[in-house]
Every structure is written in structure tokens, then in C-alpha cells.
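Here's a quick briefing to read alongside the model. Have a look at the structure first, then work through the notes below.

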Amino acid sequence: MTTDTGTKALEAPFARTVGTLAPIAIILASQAYATISLIPNFASAWHTSDEGAAWATTSFAIAFAFGSLLAAPLSHRLGRRGALVWSISAMAVITMLVPFTESLLSGSLVRAVQGVAAGVFSPVVYAYFGQRLPASRLATAITIISCSLGGCLVVGQVAAQLLEPTFGWRSLFWISGPLLALSAVAVHKVMLPDLPSPTTAKGSPQKAEQSAPAPRSGLLRIVPFLVGGVISLGGITSAYTAIQLYGPSGLAGDHDAMLGLRASALPALVLSVVLSPVLARIVPKWRAAGALTICGIGLGTAALLNDSVVGMGAAMFVTMLASSSATPALVQSTGAAAGAAAGTGLAVFSFVLNLCAGLGAQVPALFGEFVPTALCLAAAYLVAALVVTLLGPTGARPHKDKVAARGVPSEKAEPVTQHS
């Protein structure tokens with residue numbers, strides 16, 4: 001359908017769609033990192049050390065990565081709306097089981113199943129945006145969802161820290177379960193049914209051939225952006241875990257100071273969304289490289305100012321702002337670099353990104369102190385920026401090629417079966 005009226009009929013309402021999915025992203029993904037501030041509680045409940053209790057975060061995040069690989073097959077079988085409804089519903093039930101776990105093994109297993117269900121969300125949402133939102137609003141939509149997912153690192157920890165003293169650590173999961181159930185209902189009401197695939201709509205073998213996977217060389221082009229993504233999210237996870245475990249006593253040992261540090265990152269996420277229309281004018285590759293460089297500078301500064309609560313907060317504010325700008329740029333760069341294999345490229349990106357984000361919670365244990373951890377992460381960010389700059393394909397300028405700038409698969413790139 002090529003008429004303006006037909007095009008509009010295929011588009012999802014921007015405000016309603018993003019305004020519904022963004023809060024759901026926060027509720028869902030906050031389950032990943034809320035456990036950072038609950039490490040002492042899990043250690044006590046599971047009869048293990050604080051380092052062992054860090055697997056409450058790691059097991060979820062690793063499983064989250066593998067869950068992203070289920071997004072495509074579930075979408076083909078259930079439709080994108082159905083895949084989200086069922087995965088979020090399953091997560092609602094599993095979340096209610098976390099308070100009943102009594103050992104490191106049982107707790108890690110339940111958290112892993114929770115993570116698998118959560119992992120379906122982001123690949124499905126990005127693909128849905130590529131199919132249903134206009135190109136002119138796509139960069140902003142990706143940034144909002146990316147910041148919502150990234151914001152869970154802060155929101156989850158703050159929520160857990162506020163609830164635990166009064167209602168106990170289990171209250172986080174008692175509240176999250178019903179919220180996830182309501183989220184599944186909201187997804188069903190807001191998301192549109194999938195468009196018919198080219199094969200079912202036209203019955204033409206030629207159409208099916210057009211959606212065949214691209215050569216492997218197209219996927220090799222995304223490797224520099226994978227490196228950037230791994231460091232971008234894994235580094236933030238490592239930094240906050242290091243502060244929790246090894247931060248200075250005036251910070252890590254002070255409930256209010258830690259709450260203030262985590263909350264200070266929230267304005268950074270809001271600011272990144274506000275700046276997204278302006279930043280979208282920059283080629284995604286250069287936007288990603290610049291943001292990664294600023295992340296490195298921010299964490300290096302945090303290491304130097306580790307004895308100052310205000311200095312640490314300012315440094316982490318800058319780091320979070322840069323990281324929340326880097327991730328959507330890397331998503332767009334990956335989709336554009338993969339070309340016709342954009343759907344596969346984004347699935348691989350999500351898998352690697354979330355896998356290493358989970359492992360990031362284990363990095364501080366290798367150093368045993370905050371300063372060397374932060375300095376190592378700062379160096380990693382700078383190396384990642386260099387890799388993206390030197391090896392990442394540039395792609396088209398956003399204002400010259402709106403299709404290339406989208407960086408996510410359209411409905412023609414990733415056909416799905418019709419489900420009403």
C-alpha cells in the first residue's frame with residue numbers, strides 16, 4: 001500500500017506506543033539490577049558470601065541474553081504482540097517465586113528463568129518499531145526505550161533500597177509481579193497485530209526470496225559495534241557493582257549517600273532523551289564513539305574522586321548520560337552495518353550485549369577494590385571508542401538516507417506470520 005492514507009493506517013501512534021512500552025521496559029528490566037543493592041539480603045537468605053550473592057544479578061543477565069535469541073522464533077509463531085504478552089505474563093508468575101528461594105542454587109535458577117522471559121522484550125520492541133513507526137521518529141523511540149532499559153540500573157536499585165528497610169527485600173518481587181501482569185494486559189491493548197508476511201499476502205516465492213538472509217560478510221561488519229556495546233553496558237554494571245562492594249565507607253556504607261548517588265543518574269537519562277532529536281543528526285557511528293570516549297573520561301574521574309560523594313556523583317552522572325546516548329547509537333549502527341541481515345544482526349547484538357552485561361557484575365571481584373576496577377573500565381571504554389572509530393563502517397548520514405539511518409529491520413526485512 002503506497003498511499004499516504006494507507007501508510008498512516010499501518011503506523012502505530014507514537015506517543016501511545018512509546019508511552020506504554022517505556023514504563024514496561026523499566027518495570028521489567030529493573031528486575032535485573034535491583035538485586036545489586038540487595039546483595040547483603042540475598043547473601044543472608046541464601047547462606048552465601050556477598051560475592052556469591054552477586055550471582056542474583058549475573059544469572060538473570062546471562063539468561064536475559066539467551067532469552068533475546070527466542071524473540072525471533074516466538075515472533076514468528078505468536079506474532080510480536082503475542083510474544084511480548086506471553087513472555088511478560090510468564091515473568092510475572094516467576095517473579096513471585098523469587099522470595100521463596102532459600103539457596104544460591106535455587107535462587108540463581110529462578111532468577112535465570114526470570115531473565116529468559118525478560119530477554120524477549122527488547123529485540124521484539126525494536127523490530128516492532130522498525131515496522132510500525134515513521135523513520136522520522138525512530139531515533140527518538142529507540143533512545144527512549146534504550147534509556148528506559150538502561151535506567152533500570154538506577155531505578156531498580158533505588159526502588160529496592162527504598163522498599164527494603166520498611167517492607168523487607170521480598171517486597172520488591174511481591175510488587176513487581178502484579179505490575180508485570182498489568183503490563184502484559186497493556187501490551188495486548190496497545191500493540192497492533194502483525195502485518196501479513198510477503199508470502200502470505202502475495203503468495204509469491206519471489207517475495208520470500210527477497211527476505212533471505214544476507215551474506216555472512218554483512219554480519220562481520222557489526223563486530224566493532226558489538227565491542228562498543230559490550231563495554232557500554234557491561235562497564236556501567238561493573239561500576240555500580242564495584243561501588244556497592246568496594247566503594248569508600250563514606251559512600252558504600254551510607255544508605256542515604258548510596259541512594260543519592262543512584263538517584264543522581266536519573267536526570268542523565270531524562271537529559272539524553274531530551275537531547276536525542278539533536279544528537280540524531282550526527283552519524284550514529286561518530287555519536288557512539290564520542291559517547292564511549294566520554295564514558296571513559298567519566299569513570300576515570302570517578303576513580304580520582306572516589307573519596308568525594310559529590311565528585312563521585314558528578315562523575316557517574318556524566319558516565320550515565322554518555323552511556324545512555326551510546327547504546328541507541330550502537331543499535332542504529334549495527335542495523336545499518338548489517339544491511340539486509342539487520343534483524344539477525346540486532347539479535348546477535350542484544351545477545352552479546354546482555355551476556356556481557358551480566359558478566360560485568362563479576363568484574364569487580366577480579367580487582368577487589370573500586371579504584372583499579374574503575375581505571376580498567378575507563379581504559380576499556382577508550383579502547384572501544386577507538387575500535388568503533390577505526391573499524392566501524394560509517395553508513396549514511398541520517399538526513400540524507402532515512403532508511404539507512406533507521407538501523408532496524410522493516411517489515412520487508414523480517415516477515416512474520418499474521419496473528420490477530
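**Helix packing and aromatic rings**

Helix α6 (residues 71–95) packs against helix α10 (residues 171–190) at an angle of about 165°, and their axes are 8 Å apart. Keep in mind that this is a predicted model. Overall, the protein has 23 helices and 0 strands.

**The α6 and α10 pair**

- With an angle of about 165°, and anything over 145 counting as roughly antiparallel, α6 and α10 are therefore roughly antiparallel to each other.
- The crossing that α6 makes as it passes α10 is left-handed.
- On the α6 side, the contact is made by R81, L84, V85, I88, S89, M91, A92 and T95.
- On the α10 side, you'll find F173, S176, G177, L180, A181, S183, A184, V187 and H188 making that contact.

**The α2 and α10 pair**

- Helix α10 also packs with helix α2 (residues 14–33), here at an angle of about 150° and with the axes 10 Å apart.
- That angle makes α2 roughly antiparallel to α10.
- Here, too, the crossing is left-handed.
- From α2, the residues in the contact are R16, T17, T20, L21, I24, I27, L28 and Q31.
- From α10, they are L172, F173, S176, L179, L180, S183, A186, V187, K189 and V190.

**A closer look at T20**

- T20 lies in helix α2 and is one of the residues making the contact with α10.
- Is T20 buried or exposed? Its relative accessibility is 17%, so T20 counts as buried, the cut-off being under 20%.
- If you set aside neighbours within four places in sequence, T20 is in contact with A15, A186 and V190.

**Aromatic rings**

- How many aromatic pairs are there? The count comes to 7 aromatic pairs.
- One of them is F66 with F351: the ring centres are 5.0 Å apart and the planes stand at 80°, so this pair is edge-to-face.
- F66 is partly exposed, at a relative accessible area of 42%, whereas F351 is buried, at 18%.
- Elsewhere, F42, W46, W169 and F173 form one aromatic cluster.
- F173 from that cluster also turns up on the α10 side of the contact with α6 and in the contact between α2 and α10.

**Charges over rings**

- R137 lies over the face of F14, at 3.9 Å from the ring centre.
- K285 has its charged end over the ring of W286, 4.5 Å from the centre.

- H47 isn't a glycine, yet it has a positive phi of about 55°.
- Where does H47 lie? You'll find H47 in the loop between α3 (39–46) and α4 (50–53).
- H47 is exposed, with a relative accessible area of 70%.

**The whole protein**

- Of the protein's 420 residues, 55% count as buried.
- Take the contacts between residues at least 6 apart in sequence: 86% of them join residues at least 24 apart.

Definitions and conventions:
Residues numbered from 1 in each chain as written. Predicted model: local features only at pLDDT ≥ 70, side-chain atom pairs only at ≥ 80, totals over all residues. Heavy atoms only, no water. Phe/Tyr/Trp six-rings, centres within 6.5 Å; stacked < 30°, edge-to-face > 60°. Buried < 20%, exposed > 50% of the residue type's maximum accessible area, 1.4 Å probe, protein only. Lys NZ or Arg CZ within 6 Å of the ring centre and 35° of its normal. Axes fitted to C-alpha atoms, helices over the stretch in contact; angles between N-to-C directions. Helix = DSSP H or I, 4+ residues; strand = E, 2+ residues; numbered from the N terminus. Parallel < 35°, antiparallel > 145°, perpendicular 65-115°, else oblique. Left-handed = near helix turned anticlockwise from the far one by under 90°. Contact = heavy atoms within 4.5 Å.
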